[in-house]
Every structure is written in structure tokens, then in C-alpha cells.
Amino acid sequence: MYKILEKECLNPTVTRMVIDAPAIAAKAEPGQFVILRVDENGERIPLTVADFDRKKGTVTIIFQIVGATTELLNAKNEGDSLQDFVGPLGIPSVTEGLKKVAVVGGGVGCAIAFPVAKKLHEQGTVVHSVIGFKSEDLVILEDEFRAVSDHVAMMTDDGSYGEKGLVTDALRALLDAGEQYDEVIAIGPLIMMKFVSLLTKEYDIKTVVSMNSIMIDGTGMCGCCRLTVGGETKFACVDGPEFDGHLVDYDEAIQRSLMYREFEEEAHEHVCNLFKMEVK
Amino acid sequence: MANMSLKKNEMPSQDPMVRNRNFQEVALGYTEEQAIDEATRCLNCKHHPCVAGCPVEIDIPDFIMKTAEGKFEEAYQIICQDSSLPAVCGRVCPQESQCEAVCVRGIKGEPVGIGRLERFVADWHIANAQDEPVRCPENGRKVAIIGSGPAGLTCAGSLARMGYAVTVFEALHTAGGVLVYGIPEFRLPKDIVQKEIDALIELGVEVRTNMVIGRSITVDELLNEHGYEAVFIGSGAGLPMFMKIPGENLKGVYSANEYLTRVNLMKAYLPESATPIKKSKKVAVVGGGNVAMDAARCAKRLGAEEVYIIYRRSEEELPAREEEVHHAMEEGIIFKLLNNPVRILGDDKLNVTGIECLEMALGEPDESGRRRPVPVEGSEWTLDLDTVIMAIGTSPNPLIKATTEGLDTEKWGGIIAEDPSGQTSRAHVYAGGDAVTGAATVILAMGAGKCAARAIDEELSGMKSCAEKNNINI
């Protein structure tokens, strides 16, 4: 069992938890992920490592409540424990030799982008962060990004905070203003990563995206997380989760991510009903 | 006087049309009377060819003689001298191509039902006997085992019985490897696997789940920082193979590994499980091995109306055990033999809608000795489906190779290990099972685990004489 040491609501649908997991904290690097199970009958879900503290032996996860499992996870409190927590999995982000990078984060994807931005900043890379949210109340990690970035472009879809527009608008503005990047790192919804990649392709800038495929074991056994990269089948769990953004078949990945939507909606509703009954 | 009946005592089983809707065990096991009757069919012949036919060399005539006398616990103890997983092997070993294939009684009539007797004896022990674990005097030396499947468990059990402090590292949340995630409940109930693992824990073996070697800890760290003097890699089968035909990433195409993991490990067939699985109506499983049969039979049990096996050779070449093929046919699985898929068809939402196949004919034998399937020109046909399961094999997991410098592997990824010791290109590192051979059987993996345990003991004790095969019980 893996104890929840801290829990914090970052916004109404996004929660941050600090988990006691010394073995994983000792090894984790930005870009890697963990697989967890909330309880005995729980499914295995992958979550990217949002932060880690080797001294304290803790791993931080940040998740959006999107379905039954994340709803159950969110129902756990400080002092409770998770059934299983395994990692770190996947190949760490490659940051060596990068002088100037644009880190693009969308929604809860910012939680995954942040440790990469932090690592880049710590190694002396110039970091321009472009972070986007639907609206002001959903903004997360703004201070954290500001602390590790040389420039931050804050975007909201409805203009309720920062600039109104999409992350691609802000990135294009930076590029048109003459900013030159060794690499763009884009992490967020699949559709966002698709359009960031289309944009950077125009400017011929190497782009890395992090794929959050559906997984079961996460260790290279089941093949559930496969995607097409440059016409070849790759496995997000052992070949990724980061891939060349210009080579990923996003349309296929988007469809594959919807594979269990019906089941998930039903399960989510079921869990919500259970919680409502408890409240009564 | 031996029982000269030409036929084996039949195995009581669930009715095919009942069992293809539930996940309970298919075969119900012999009664005591049936077991004694079957045991008396053994002639206890001088040459006992069955022993050499067994990859772990169980003293088969001896255990059968005790069974015939009704001394079931004694029979069990005889099996245990050579096998650490009797209840598992009695269920999933391909006896028809091993011990039973060379049984003298098989020359005229059916061989003795050795597998069925092994299963009976093991089940009798579980139901009736109290295990008093015999702990060997500890020798204070640590060995790490990577993977808790048949190879790892056997190696762990053998070493623990010799007094080693053994830790088994398992990547998943439950120990058992393929016995838990791969082989379905109806063929191998999971509580039986758990009992075998519990027995190892009683013996002093430490099992650590949620540990991915290569990520959580590397092989070098096990040796250099964690005090293990030897490491055995039994990491099993790895990434699923696909045919590289169009449509394999459509929604509704599963690897057998994924499908079986969802069903067996994650228990997707139970309402309380949070793991989803597609509610399929028409399913095709591509492949002809035991894994293909397991996937097809799971799909049927999950409620599919039509389940097909598509295999490019003929019935004779099916690699699955005869019994599994027979069970699948009884349960209504439809066999489309001598057919090979050329592409999987889908709709605009990328859902599977069908599969296009090409008929095959058998040509000259290929390097495997089996007749090579050759496409019949212009024989394309289409089958409407909503689910396709690819069961055409796996390639070894790349994690350990990628993180262990100097560990040599074959081009296809299998770890290179000496036969039979399992010694790899790295000192103190041994390997066995599917990670070395590619997809094979439970019993062969167990054999490899047992041999590696012997080799590890020889290396660590530095006294080869004490590891003479006949002087130790492993």
C-alpha cells in the first residue's frame, strides 16, 4: 500500500497528491509515468510523474477527474493509501544540449509539462512556457511555471484570464516575433498536440509530444498503448511516452482513446451515484 | 493385476454448452475411485520411459503406484521432489507430447492418464493435507529472481529449499506471471496458483510485487547495491507481435496478451471489476496456439455469439494442445483453417467491421518441418466482425536488455543463455523460460528454472559435488 501524504484541489476538477513511494522517487525523471490502482477491484491507470522528492521519498501526481477511477482516486484523502503504485515507467525526457525551448502545456497536461520545464530551467536552458486553459477557474501551476520560465504566455479559451485564444496562437506569435527554439515540447490534449505539431512543422522546429495512451500493464506486455509513429507501430509504455510530434498519427490516437468511452461514462455515472447515496 | 482397459478413465467435465457461458473450471477432476482405477492401468514397467519424457523428471511410476494404493499424500510428496507446481502442471502440461506420448500403454490403446493423476494427487493434497513447511537451514546468501511466472517460481522454490534467501520481483500487482494474467480461470483456477505461491512464501521466499526490474531497480543494482549474489531472469513473454497488415490499430483489435490480461488478471468478466472490455458479438482470433484457444474461449464466455479461429495451416499443424482444440470445438468455436488475414476492415470511426482473408493450401515442408501454407490466388473472402484478437506470438520484453550492459540477446530479442545452466553473457546472471526461448510451455519454463537453480547453487557453493542432481531435492 502506498500512503497519500498530501492532497490539494488545484481547481474543481484537478487534484494534486503526494504519495509515499521512496523506491520510485529514487529513480523518477521528468517524462516518466507510474501505473496505479486505487483499490482491489480497481483498473490500472497510467499517470505521469508531476514531481518527485528523492530526499523525502515522495512522488507527486496531478490528475483530472474524468471518469470512475479518477473519481475514486479523488475520494481518497490524506492518510489513506493506494492499493498499487508502480514505476517509474517509460523513457525519461531527453533534455541534454537544449539551449532554448518552448514548453507548451494544455489543461492538466501542464502538470506533465511542468517537471520538464523545471529540469530545463535547472540545467540553464532558456524556457518559454505557453500554457492554456479553458477559463480562469481551471488555471493550475501558474506560479510554478513562472518560477522556471524566462517568459510565460498565459492563454484561456474564453479570455477570462491572460490572453484570449489557443496555445497555438501564442506560439505562432512568438515564432513570428522571431523567437528561435531548439525544440518545442507540447503536452496536453491530443488535439492540441496535433495542432502544435502542424504549426511547428511549418517552422521546421523539432517537436516532442507526450502520449497518454490507454494502458494496462504499462511494462511492455499487453500492447494496448500502441500508436502509429512515422508509419510504424510503437508502444507508448516502452518506446515512449514521448515521441516526435511530427510523426504521430493523431487522428488514430484520438479514436483509440475513445475505445471505452461508453463503458467509462456508465462507470463514472455509477460511481457518482454511489457517492451521492453516501452523502444522503 | 493391472487394469487392462484400453481407455483412460474419462475426465468428468462441465457440459460444453453450460461452461461456454461461465468461467468455472472445465475439467472437474477424478474422484478417489477413478484415480485408483486409472492408477492401476500403469504397468510400472522397467524402463519407465515416462520419466525421461518429463522435462522435470518426476518419478511417475512411483507416484502412480502410491496412488493405486490409496496413499495419496505419499504420491504427492514423490511429485514434489521434482516439481514445485504439481496442481498447475497437472492442468496445463502438454502430457500428450511428453510423459504420456512414450507410455507403454499407449502402444495399444490410450496411455495412462498421468496428467489427470498428477492433478488428482495435487488437489487431494490441497484439500486434505496440512503443509508443514520444511525450511532448510539458511545459508545466508541472497538470490534475486525476476518474474514470478513458472520459471521464476520454480527457480525460487528450488533455491529456497537449498537454504538461499530468495526474493522474487514481479512487475504486476499480483504474482504468478502467465499463470495469472494469461491462462484463464476455467483452465487454471487462480486460487490454485495462489496456493502454490503461498507455499513458496511459507518456505521463506519473499515476493515483491509492483517492481519493474530495469526501471524500479536494475540488474546491476541488485548485484552491486542490494547484496544479491546471483540473479535469475524469468521475465517471460514480452510485447505482442502483430501481422503488419492494414487495420491492426483499429478499435476492437486486441493482442491476445491484452485481451487475456483484461479478462484474467483484471477480472473484466466480473461486474465489480473496473476494467473495461469490449462487449463483442462476432470475434475472430488469429492464431492456432493455446493462447489463441484461450482467447477464443474467453470471448465466447463473455457473451460473443460467433467466435472464429483463423489459422493459416490445417488442423494437423495447430500448435495448441489437442485437448484445448477439442474443448474449443465442443464449446462452439468455429475453425476457419487454411486461411490467412490480409487486412482488417473498419468504419470511419475506426471501429472493426470485418476481416479479409485469403485461403491457403499446404505446400512443401518449411524449416519448421511443417508444410508451408501458400496463398490460393483470387480466393479473398470477407467475414463481418466487431473484434479481432491477434494471437501470433510475442517478442521478449526490451526493458532488461536495454538496462543491463553486456547482456547478450538474439536478434529477435531472446536472452542468450547456456543450456541447461541458463548462464548468460553476464557473470552471476542466469535466465530461463520464455525470455530465453520465446513463447513455449509452462513446464519447459519450470525445467529451465530448476536447472538454473542448480547452476546458481553450483556457482555460489563452489562445491559441485553437493549439487549432484541425485543428492538434492529440488
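Colleague: What makes Phe23(B) count as buried or exposed?

Modeller: Phe23(B) has a relative accessible area of 9%, and buried means under 20%, exposed over 50% and partly exposed in between, with a 1.4 Å probe and protein chains only, so Phe23(B) is buried. As for conventions, this is a predicted model in which local features need pLDDT of at least 70 and side-chain atom pairs count only at pLDDT 80 or more, while totals for chains, interfaces and linings use all residues. Residues are numbered from 1 along each chain as its sequence is written, chains are lettered from A and ligands numbered from 1 in the order in which they are written, and side-chain values use heavy atoms, with hydrogens and water left out.

Colleague: How many aromatic pairs are there over all chains, and why is the pair of Phe23(B) and Tyr269(B) called stacked?

Modeller: The count comes to eight aromatic pairs over all chains, where rings of Phe, Tyr and Trp (its six-membered ring) pair if their centres lie within 6.5 Å, and planes under 30 degrees apart count as stacked, over 60 as edge-to-face and the rest as tilted. For Phe23(B) and Tyr269(B) the centres are 3.9 Å apart and the planes stand at 10°, so the pair is stacked. Phe23(B) lies in the loop between α1 and α2 (32–39) of chain B and Tyr269(B) in the loop between α12 (256–265) and β7 (282–286) of chain B, so the pair ties together parts that are 246 residues apart in sequence. Helices here are DSSP runs of H or I with at least four residues, and strands are runs of E with at least two, numbered from the N terminus.

Colleague: Which cluster do Phe23(B) and Tyr269(B) belong to, and what sits over the ring of Phe186(B)?

Modeller: Ring pairs link Phe23(B), Phe186(B) and Tyr269(B) into a cluster, and Tyr269(B), at 22% relative accessibility, counts as partly exposed. The charged end of Arg301(B) sits over the ring of Phe186(B), 3.7 Å from its centre; the rule asks for NZ of Lys or CZ of Arg within 6 Å of the ring centre and within 35 degrees of the ring normal. Lys142(B) likewise lies over the face of Tyr228(B), at 4.5 Å from the ring centre.

Colleague: Why is Glu225(B) called exposed, and where is Glu225(B) found?

Modeller: Its relative accessible area is 60%, so Glu225(B) is exposed, and Glu225(B) is found in the loop between α11 (219–224) and β4 (230–233) of chain B. Gly438(B), by contrast, has a relative accessible area of 11% and is therefore buried; Gly438(B) is found in the loop between α16 (434–437) and α17 (442–461) of chain B.

Colleague: How do you know that chain A agrees with a compact globule?

Modeller: With 280 residues, a compact globule would have a radius of gyration near 19 Å, and chain A has 18 Å, which agrees; the radius is taken over C-alpha atoms, and the globule rule is 2.2 Å times the number of residues to the power 0.38. Of the 280 residues of chain A, 55% count as buried, and chain A has nine helices and 16 strands.

Colleague: What is the backbone like between Gly87(A) and Pro88(A)?

Modeller: A cis peptide bond joins Gly87(A) and Pro88(A), with omega about -5°, and Pro88(A) is found in strand β7 (residues 84–89) of chain A.
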